Amino acid sequence: QVQLVESGGGLVQAGGSLRLSCVASGRPFSSFHMGWFRQAPGKEREFVAAIFWTGTSTDYADSVKGRFTISRDNAKNTVYLQMNNLKPEDTAVYYCAAVRGRFGSREFDYWGQGTQVTVSS
């Protein structure tokens, strides 16, 4: 088991930036591939980004490529999502996720509680 706690959400104007953080506890953080998902009101949860346990490989949804950057610090048990040039359509609850073993399938086993990001126009 791994416990995930997100932070860093908030209200920002379009074109602005936010950095989300997710701190993991429980099993060794470095054994997990990490990801970010989001869910907007009335919509299904969607994949945003993922990072390999070593940090050497990343995966992004087309909608955020070039604007969002996922990174991790295994010494701090933390994964980050730097979000730049935010758009109103980025408004959603953002969830941190973790999985062991497989990478690239965009399927994750463990989830945080989420942090709200609201982008005003």
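Let's start with strand 5, which is mostly covered, with 5 of its 6 residues buried. Keep in mind that the model you are looking at is predicted.

**Strand 5 and its partners**

Strand 5 spans residues 46–51. On one side of the story is strand 4, residues 33–39, which runs antiparallel to strand 5 and is joined to it by 5 bridges. Strand 6, residues 58–60, also runs antiparallel to strand 5, and here 3 bridges do the joining.

What stands opposite Thr58 of strand 6? That is Ile51. Ile51, in strand 5, is also the bridge partner of Met34.

| Hairpin | Residues between the strands | Turn residue with positive phi |
|---|---|---|
| Strand 4 and strand 5 | 6 residues | Gly42, about 80° |
| Strand 5 and strand 6 | 6 residues | Gly55, about 85° |

Now for the inside. In soluble globular proteins, nonpolar side chains tend to be buried together. The largest nonpolar core in this model has 36 residues, and Met34 is among those that touch the most other members, along with Trp36, Val79, Leu81, Met83 and Tyr94. Strand 5 is one of the elements giving two or more residues to this core, and so are strand 4, strand 1 (2–7), strand 3 (18–26), strand 7 (68–73), strand 8 (78–83), strand 9 (92–99) and strand 11 (115–120). Which strand gives the largest share of this core? It's strand 9, with 6 residues.

How values were computed: Residues numbered from 1 in each chain as written. Predicted model: local features only at pLDDT ≥ 70, side-chain atom pairs only at ≥ 80, totals over all residues. Heavy atoms only, no water. Core = buried A, V, L, I, M, F, W, Y, C linked by side-chain atoms within 4.5 Å. Buried < 20%, exposed > 50% of the residue type's maximum accessible area, 1.4 Å probe, protein only. Helix = DSSP H or I, 4+ residues; strand = E, 2+ residues; numbered from the N terminus. Pairing = 2+ DSSP bridges.
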